[in-house]
Amino acid sequence: MPSRAVPTKLSPKNGFSVRLLPPPTDPSSPSRLAACCLLCLCVAADVAAQPPADEEAAPPPVEVARLVDDEVAENVQFVGVAEPSRRSTVGSPLDGRVLGWEVDAGQRVKEGDVLARLRTRALELQLAAAKAELTSRRAALEELKAGARPGEIAAARASEAAAKAAAEFAETNFQRTERLMRQSGASKLEYDQARRQRDESKQVLINAQSTTQLLVDGPRSERIVAAEALVELQQQTVAGIEDRIERSQIRAPFDGVVVAEFTEAGNWLSAGDPVAEIIALNPVEIRVFVPERYINRVRVGESCEVTLRATAGASWIGRVRYIVPQAEQPARTFPVIVEVENTLMSASGADENVAARYAISAGMLASVNLPIGEAVRKRVVHKDALRLGGATPSIVVIENVKENNGTARRIPVRVDGTSGNRVAIVAAVSGQPLPSSGTLVATRGNESLTDGQKVEILPAGETGDETQLNPDVQ
């Protein structure tokens with residue numbers, strides 16, 4: 001009997017090694033079976049541990065622009081104050097008692113979120129009665145539109161036939177009485193009674209014929225129009241009560257943060273009483289006060305760097321939204337509103353609406369670098385190449401470019417000016433020079449790249465946004 005092999009330890013080459021043991025005296029011994037099972041398990045584990053040839057993840061795609069040298073206006077630094085882009089004091093639309101208060105000061109809310117609920121029991125009773133009346137009016141309208149039933153028309157025709165027979169009998173009786181009277185066989189009284197019966201039977205026949213015709217023709221169109229108007233009126237009554245019930249849930253008018261509460265559960269509110277104050281902090285506005293000697297150099301739509309002390313020097317790229325054409329007295333400074341996309345910070349292990357906060361809060365002091373100085377030649381890149389939100393902005397350069405592939409490397413930088421969608425940069429680390437002009441820099445897909453990571457370079461213009469890919473295009 002041949003020797004048997006059992007695994008002893010892993011080897012770098014094939015994942016395991018074997019050693020030979022002398023065969024057992026009994027071929028069906030438990031030790032032989034156990035050794036075979038163990039060998040099979042080790043071989044299977046070794047095969048499963050080997051990664052497939054194509055398991056390596058494909059490099060992430062990125063869009064790129066080139067670093068270029070261009071004329072950029074020197075920045076002039078001004079002090080600004082962060083303000084909400086929207087502010088609203090939400091009032092009560094109805095009279096009523098506050099049944100529930102749903103939010104707290106400092107909590108983020110979405111548009112349509114419920115801030116408070118008013119008691120609606122009386123409105124619900126009114127709504128139930130109004131819906132019952134609407135059902136009744138709809139039934140009356142349907143009855144008019146349906147017209148008479150076949151049975152009703154048949155009954156009317158039968159009454160008409162009976163009236164016709166009675167009229168014919170009365171006419172015959174009258175003629176017979178009239179002949180008898182001429183022959184002195186009937187009195188004047190009998191003649192008058194026969195004539196009255198004939199006239200009455202004719203009127204009964206006319207009435208029966210008219211009734212039958214009315215049932216056949218159906219109701220007049222004017223009655224249907226009037227019934228439809230009553231139904232519409234009741235529908236509006238129901239809709240009005242439903243609207244009041246809906247408005248009893250006081251909702252946030254836009255995405256924002258609750259900064260003040262003016263009521264609590266159990267309070268009585270009259271229509272128009274304030275309930276809560278909400279401000280919108282994304283985007284946030286920076287109100288910059290620019291002296292009159294600079295104001296004519298500021299351009300709406302220009303990009304600018306915004307830095308706040310309260311955020312440990314983190315910077316954002318803002319955009320001049322509008323210029324207030326009235327100076328603040330007596331300093332003679334003009335308010336310039338710079339719009340900034342705020343960054344949301346969250347705390348782990350807590351309610352998102354309560355713990356998540358924006359990095360820029362209303363009232364914070366900001367330093368804003370407006371590009372209004374003399375033009376100077378600087379190294380510039382498209383604004384989307386900047387990775388912001390941290391203590392130091394950075395760019396990701398693409399090195400070792402071969403065909404459509406390259407390697408990512410992050411370089412910390414400082415913003416040294418802006419012009420349209422371009423940003424002038426300088427090295428943030430002393431002694432670390434900037435890459436040369438013409439170097440490729442990632443503009444999209446650069447958020448999660450790490451040093452040394454391989455990337456796939458997308459062809460220029462694939463997204464159809466040339467300004468995104470080429471900073472020279474304005």
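User: What should I know before we start?

Analyst: This is a predicted model, where local features need pLDDT of at least 70, side-chain atom pairs count only at pLDDT 80 or more, and totals for chains, interfaces and linings use all residues. Residues are numbered from 1 along each chain as its sequence is written, and side-chain values use heavy atoms, with hydrogens and water left out.

User: Why is Glu 285 called buried?

Analyst: Buried means under 20% relative accessible area, exposed over 50%, and partly exposed in between (1.4 Å probe, protein chains only). Glu 285 has a relative accessible area of 6%, so Glu 285 is buried.

User: What makes the pair Glu 285 and Arg 321 a polar contact?

Analyst: A polar contact is a pair of N or O atoms within 3.5 Å; within protein, one must be able to donate a hydrogen and the other to accept it, and residues adjacent in sequence count only if both atoms are side-chain atoms. The side chains of Glu 285 and Arg 321 are joined at 2.5 Å, and this is a polar contact.

User: Which helix do the buried residues of H4 pack against?

Analyst: They pack against H3. Among the buried residues of H4 are Tyr 191, Arg 198 and Leu 205.

Technical notes. Helices (H or I, at least four residues) and strands (E, at least two) are DSSP runs, numbered from the N terminus. Contact means heavy atoms within 4.5 Å.
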